[in-house]
Amino acid sequence: RMFHDDELEESEKFYVGQPRVLLLIYALYNTLVARSEMVCYFVIILNHMISASMITLVLPILIFLWAMLSVPRPSKRFWMTAIVYTEVAIVIKYFFQFGFFPWNKHVDYTKDKPYHPPNIIGIEKKEGYVHYDLVQLLALFFHRSILKCHGLWDEDEKGDSSSSKEDTDDELSLTGGRRDSSGSLKSVNLAASVESIHVHFPEQQTAIRRKSSSSISQLSHRSSFSSHRSKRDVFKNINHTTPSLSFLQCKLPVIKLHCGLCCFRTLQVYVPIRQFFYNLIHPDYSAVTDVYVLMFLADTVDFIIIVFGFWAFGKHSAAADITSSLSEDQVPEAFLVMVLIQFGTMVVDRALYLKKTVMGKVIFQVILVFGIHFWMFFILPGVTERKFSQNTVAQLWYFVKCVYFGLSAYQIRCGYPTRVLGNFLTKSYNYVNLFLFQGFRLVPFLTELRAVMDWVWTDTTLSLSSWICVEDIYAHIFILKCWRESEKRYPQPRGQKKKKVVKYGMGGMIIVLLICIVWFPLLFMSLIKSVAGITNKPLDVSITITLGGYQPIFTMSAQQSQLKDLNQTGFNAFLASYRGETAALQFLESYGKEDITLADLEGNSNSLWTISPPSREKMIQGLMDFSAEFTVVLSWTIQRTLREVYPYYIKAPSDSLAKPIKQLLPGCKWKNITVSLVKNGTREWWVLNQLGKRFTSSEKSLELFIFSDKVSPPSLGFLAGYGIMGLYASVVLVIGKFVREFFSGISHSIMFEELPNVDRILKLCTDIFLVRETGELELEEDLYAKLIFLYRSPETMIKWTREK
């Protein structure tokens with residue numbers, strides 16, 4: 001064997017023989033070492049999320065606009081900048097912890113104010129002010145040690161020294177291609193003396209196109225550095241002029257004389273930044289990749305966070321759910337603004353992806369990075385009236401947005417793909433892709449919005465209707481292809497009946513699903529109040545009695561302490577009193593002791609009886625009429641017995657109409673009460689007393705039992721409020737319509753559904769996508785006409801879909 005080493009073999013045997021836990025620790029450490037720069041990014045972002053100040057804001061912006069955009073990796077200059085900046089930040093924070101500063105004398109009063117200047121800058125006095133900065137510094141030094149171990153720490157300086165020995169100034173101006181961020185930043189050589197200043201720009205290499213083939217995308221970093229000399233030889237043969245470079249070189253002495261040293265300092269900062277982004281937009285080589293799906297998923301997660309945590313972005317920080325707000329026909333402003341902004345960025349990102357413009361993506365990245373950080377750390381704290389570090393939902397949203405920024409920077413660094421063919425869910429033909437794709441198509445308006453956006457931002461000769469037709473055919477053929485592939489993986493022999501596992505698995509699941517849909521309203525209304533329902537106890541019980549249309553003779557209400565709950569002993573005695581009465585027990589079956597309230601009303605009316613003398617005389621005459629159904633005893637007090645007028649048991653349903661409970665009244669007869677008119681000088685009032693009370697012994701009082709129906713929880717009230725018939729109309733009938741479409745009308749689609757082999761049609765659709773991406777628009781029209789003819793000709797369709 002070549003390259004055989006006994007020591008290496010022994011080392012490998014020793015490593016394999018270690019315990020699994022130790023091997024896991026080794027693997028985790030190796031992963032940490034391989035992605036040590038990601039550990040630094042994570043710690044820096046975490047430090048900024050917790051501190052949320054201007055001091056910690058600088059490094060996250062540099063990560064997304066410098067480090068992650070550097071090719072092939074961040075330079076030594078970036079890591080030294082991060083290390084030195086962290087050390088300076090630690091010293092500054094330590095210096096401002098002394099108590100003699102004025103703002104440190106009232107820390108408890110100002111620590112929660114988001115716009116307090118020390119809080120914004122990050123120099124406030126607090127416990128553990130430097131913990132995360134030390135962890136950040138430790139991570140940076142750990143990454144520095146890893147780079148030194150692999151010989152990558154001084155790589156940039158070596159490359160610069162060797163190139164300065166071999167290349168002339170003119171060659172450097174021609175070889176200002178995309179090497180790495182340090183090379184681009186060091187392409188400007190501004191001498192210390194004022195007399196000699198030389199600025200070198202790369203030429204506009206229009207002849208060098210972005211190479212996106214698969215072979216170039218697989219280039220390693222080592223091969224790119226080894227081919228540096230060959231690229232330089234090629235660039236020597238290119239003879240182009242750069243007007244902007246010549247103009248700047250000619251005008252530099254004039255600029256020096258008129259503007260002085262300040263302008264040169266500005267130019268010293270501007271030129272490397274311009275060089276960096278120029279090399280980023282016009283690369284020599286790019287390993288083309290496509291991470292749009294991951295960026296879309298990150299935006300989707302942020303969208304979900306906004307929907308379920310919209311209250312964290314508004315002025316009031318009380319937790320709420322969007323369903324309860326929408327059930328009250330209220331659209332919170334914070335929710336509306338955040339949803340529109342998030343949705344707008346997703347649309348712009350889709351447009352840039354379809355147009356494949358790296359420059360637009362760079363501009364969008366810069367605007368989004370500065371805009372998000374300015375809004376999250378300067379505007380949002382003022383809106384919510386609390387610091388960003390105290391807003392957990394906003395911190396989660398920002399962290400996911402940082403993941404999006406990282407993916408976006410990776411997309412810019414590698415370049416957009418030259419061809420966008422179909423949906424990302426249609427790359428494989430299995431059950432997972434099938435169900436995910438069908439779920440994607442079930443989302444309301446998502447398929448239509450995607451189709452229209454693709455048509456708007458893609459070069460094509462097809463009309464919108466033709467475009468949608470192709471998309472629909474492609475989706476239909478993909479679904480058929482998935483089913484045909486599943487039939488090949490799990491073939492069914494001819495003449496053999498279906499297995500019971502398949503019949504009872506699929507058929508039984510459909511049966512259970514249909515039964516649940518049909519009886520869902522009844523089950524829902526029953527469980528929502530019996531299991532999840534809450535007791536709605538009365539707060540006020542009022543009684544008003546009026547005789548013959550005259551002024552009410554009695555008004556009384558029971559509140560607070562007069563509304564009593566039944567204990568278990570009283571409830572058992574109450575049930576025992578109706579033993580043997582089926583109707584009453586059936587009614588009481590739905591109620592517990594917590595649903596019953598006993599109202600103890602005072603017998604004396606709480607208002608004086610101020611009736612006019614004529615009405616009083618007429619009322620007395622009516623009471624003295626012996627032909628009436630009740631008898632009256634007249635004295636200084638008028639006393640009569642009112643038979644079967646008092647309900648005694650009241651049911652308080654979920655609506656506002658309270659009804660007497662006839663099942664609990666023996667023989668459906670109401671209770672008797674006595675009514676007395678008491679006169680004290682010129683003042684008169686009525687006194688009522690109930691006959692046959694259960695729990696109250698006072699002679700001048702009324703008892704009233706209130707049975708309160710359970711109501712649905714507030715979060716489900718908008719659904720339960722429609723009632724059983726409303727649920728049947730809105731849920732069962734709508735779902736039933738879709739199910740009926742699945743089981744009916746099959747005969748009309750046999751020629752498009754029963755296709756044995758769809759490979760040729762699928763290839764025709766992908767060919768349309770391919771020629772569209774390559775710019776062959778005339779061929780796109782021809783292939784589309786061929787596809788339409790195929791669907792218009794059943795005989796041709798049969799020939800095309802035969803098994804090979």
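## Surface patches

In this predicted model, V501, V502, M506, I510 and L514 make a nonpolar surface patch of about 450 Å². One of these residues, V502, belongs to helix α25, which covers residues 500-518. V502 counts as partly exposed because its relative accessibility is 41%, a value between the 20% and 50% limits of that class.

## The five-stranded sheet

Five strands form an open sheet with mixed pairing, and their order is β6-β7-β14-β10-β11. The edges are β6 (563-565) and β11 (659-660), each of which pairs on one side only.

I650 has P660 of β11 as its bridge partner.

## The β12-β13 pair

Strand β12, residues 671-680, pairs with β13 in the antiparallel sense over eight bridges. V678 has its bridge partner in β13, namely W685.

Strand β13 spans residues 683-690, and six of its eight residues are buried, so this strand is largely enclosed by the rest of the structure. Buried here refers to a relative accessible area under 20%. In general, side chains in a regular strand alternate between the two faces of the sheet.

## Backbone geometry in loops

The peptide bond that joins V71 and P72 is cis, with omega about 0 degrees. P72 lies in the loop between α4 (54-67) and α5 (76-95). Most peptide bonds are trans, and most residues other than glycine have a negative phi.

Two residues with positive phi are described next. A52, which is not a glycine, has a phi near 55 degrees. The loop between α3 (36-51) and α4 contains A52. With a relative accessibility of 16%, A52 counts as buried, because the limit for that class is under 20%.

K356 likewise is not a glycine and has a positive phi of about 55 degrees. The place of K356 is the loop between α19 (333-355) and α20 (358-384). K356 has a relative accessibility of 25% and therefore counts as partly exposed, whereas A52 counts as buried.

Key:
Residues numbered from 1 in each chain as written. Predicted model: local features only at pLDDT ≥ 70, side-chain atom pairs only at ≥ 80, totals over all residues. Heavy atoms only, no water. Patch = residues over 30% accessible without salt bridge, like charges linked within 9 Å, V, L, I, M, F, W, Y side chains within 5 Å. Areas by Shrake-Rupley, 256 points an atom, 1.4 Å probe, with all protein chains shown as cover. Salt bridge = Lys/Arg side-chain N within 4 Å of Asp/Glu carboxyl O. Helix = DSSP H or I, 4+ residues; strand = E, 2+ residues; numbered from the N terminus. Buried < 20%, exposed > 50% of the residue type's maximum accessible area, 1.4 Å probe, protein only. Pairing = 2+ DSSP bridges.
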